[in-house]
Amino acid sequence: MNKKTIAIHHGYNKDSNMTMAVPIYQSTAYEFESAEQAANRFCLKELGNIYTRLANPTSNVLEERIAHLEGGVAGIATASGQAAIFYSLANVAEAGDNILISNKLYGGSITLTTYTMKRFGITAKIFDVDNPESLEALVDDKTKAIFFESISNPQITIADVDGIVEIAKKHKILTICDNTVASPALFNPISHGVDIVVHSASKYISGQGLAIGGVIVERDGLTDFFKGNDRYYHFNEPDVSYHGLVYTDIPLPPFCLRLRLNLLRDIGAAPSPFNSWLLIQSLETLSIRMKEHSKNALEVARFLKSHKKVKNVSYPGLESDPQHERAKKYFTDGQVSGLINFDVEDFEEAKELMDKTELFSIVVNIGDSKSLIVHPASTTHQQIPANEQLKSGIRPGMIRLSIGLEDSADLIADLEKALG
Ligand SMILES: *Cc1c(COP(=O)(O)O)cnc(C)c1O
């Protein structure tokens with residue numbers, strides 16, 4: 001089935017009321033028909049609902065829909081994108097292990113991996129996402145995952161996905177790709193051999209800035225990948241916290257199963273059924289919206305490129321952009337999402353510009369139907385010293401736009417006025 005169709009129909013079998021819309025199962029727990037059934041559910045003899053921290057029928061529709069859209073076999077919805085990233089890394093790495101992270105990541109992912117996870121004994125080593133060869137020198141026996149973003153936020157760098165996957169396969173290391181900026185409508189990392197895809201559903205999947213959420217998707221075939229792979233011994237040995245279950249011995253997607261049975265059970269960043277329901281509504285229009293976001297962004301980027309006060313425009317959909325070839329390789333019909341970076345003269349001019357726009361709201365979010373503007377150097381990256389900012393691609397005069405679904409002529413007129 002085509003992605004547009006999947007986004008509307010997949011994963012929902014109407015209940016006895018035949019409701020057209022997916023119902024919100026706003027319930028904490030589920031009754032068992034008998035003591036026997038209760039016992040069977042707990043030992044996985046029978047799959048079914050127990051408690052919403054572990055699974056919920058509304059959230060299950062979201063999980064199955066996004067998993068299928070991404071070309072995966074199983075999905076897990078979480079309370080936020082950050083929870084999805086933490087869970088997918090913590091599902092393979094433990095104290096004493098290391099993970100390899102891209103040098104161009106979302107701010108929250110940088111602090112999570114370099115500071116918070118370090119407190120749990122997991123070390124992050126940084127590789128150059130433009131040069132996957134840099135991974136070779138970092139890999140060791142304790143390396144459990146390679147983590148990167150397909151399009152990085154805020155630098156808008158398109159990863160050399162094939163290059164990264166090639167090295168990961170050579171060393172049999174799990175790849176985890178944050179596909180938030182591209183969304184499942186524009187790019188599917190699994191089709192390039194990536195093992196796990198994570199999303200902040202709070203951005204383009206939500207599309208109107210209505211709910212925080214995250215999703216984890218697993219590709220088919222991970223049982224074979226883990227089986228006998230010493231790096232992932234915990235998938236091959238009995239799980240003492242789950243009466244000796246060996247994840248590679250049963251015919252279920254092992255990554256999501258272990259994550260649900262351990263991390264959702266014990267740490268519990270489960271989504272609210274209401275938020276899952278909101279995300280299901282917006283998923284229906286994802287493909288249409290991503291097309292419009294991309295089209296609008298290209299038009300705004302072309303305008304900025306032609307403006308004398310604008311020093312530099314970064315939008316991979318522009319023919320003149322250094323990343324255009326890579327955009328053509330991984331994306332179709334020039335649709336590369338709605339983020340644009342551009343530079344004005346200096347820090348002060350950039351900061352002032354934010355106040356001069358009227359249609360653009362000063363917001364650190366992305367992926368809303370409303371256009372958003374932010375000056376990273378004075379906001380999101382303010383705490384980072386200037387030289388460190390430069391290393392992660394944040395220049396003093398740089399502005400990031402998240403182009404919404406307004407008419408592009410109105411957005412251009414607003415920017416033209418603000419630039420003066
Ligand atoms: C926003 C974002 C996150 C974090 O997601 P939340 O839903 O806000 O927790 C992770 N990765 C990227 C690329 C993001 O843009």
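A residue counts as buried when its relative accessible area is under 20%. Ile-190 has 13% relative accessibility, so Ile-190 is buried. The structure is a predicted model.

**Ile-190**
- Ile-190 sits in the loop between α7 (183–186) and β6 (196–200).
- Ile-190 and Ile-216 are 26 residues apart along the chain. Their C-alpha atoms are separated by 12 Å.

**Aromatic pairs**
- The whole structure holds 11 aromatic pairs.
- One of them joins Phe-86 and Phe-120, with ring centres 6.5 Å apart. The planes of Phe-86 and Phe-120 meet at 45 degrees, so this pair is tilted.
- Phe-86 and Phe-120 link distant parts of the chain, 34 residues apart. Phe-86 lies in helix α4 (residues 81–90). Phe-120 lies in the loop between α5 (107–116) and β3 (123–127).
- Phe-120 has 48% relative accessibility and therefore counts as partly exposed.
- Phe-225 and Tyr-232 form a tilted pair, because their planes are at 40 degrees. The ring centres of Phe-225 and Tyr-232 are 5.7 Å apart.
- The cut-offs explain the label: planes under 30 degrees apart count as stacked, over 60 as edge-to-face, and the rest as tilted.

**Aromatic cluster**
- Phe-225, Phe-226, Tyr-232, Phe-235 and Tyr-247 are linked into a cluster by ring pairs.
- Two of these residues have their burial given here. Phe-225 is buried, at a relative accessible area of 15%. Tyr-232 is also buried, at 0% relative accessibility.

**Negative surface patch**
- Glu-345, Asp-346, Glu-348, Glu-352 and Asp-355 form a negative surface patch.
- Asp-346, one of the patch residues, is in the loop between β9 (339–343) and α13 (347–356).
- Is Asp-346 buried or partly exposed? At 37% relative accessibility, Asp-346 counts as partly exposed.

**Ala-350**
- Ala-350 is placed in helix α13.
- The relative accessible area of Ala-350 is 0%, so this residue is buried.
- Ala-350 and Glu-299 are 51 residues apart in sequence. From C-alpha to C-alpha, Ala-350 and Glu-299 are 21 Å apart in space.

Conventions:
Residues numbered from 1 in each chain as written. Predicted model: local features only at pLDDT ≥ 70, side-chain atom pairs only at ≥ 80, totals over all residues. Heavy atoms only, no water. Patch = residues over 30% accessible without salt bridge, like charges linked within 9 Å, V, L, I, M, F, W, Y side chains within 5 Å. Areas by Shrake-Rupley, 256 points an atom, 1.4 Å probe, with all protein chains shown as cover. Salt bridge = Lys/Arg side-chain N within 4 Å of Asp/Glu carboxyl O. Lys, Arg positive; Asp, Glu negative; His and termini not counted. Charge placed at Lys NZ, Arg CZ, Asp CG, Glu CD. Helix = DSSP H or I, 4+ residues; strand = E, 2+ residues; numbered from the N terminus. Buried < 20%, exposed > 50% of the residue type's maximum accessible area, 1.4 Å probe, protein only. Phe/Tyr/Trp six-rings, centres within 6.5 Å; stacked < 30°, edge-to-face > 60°.
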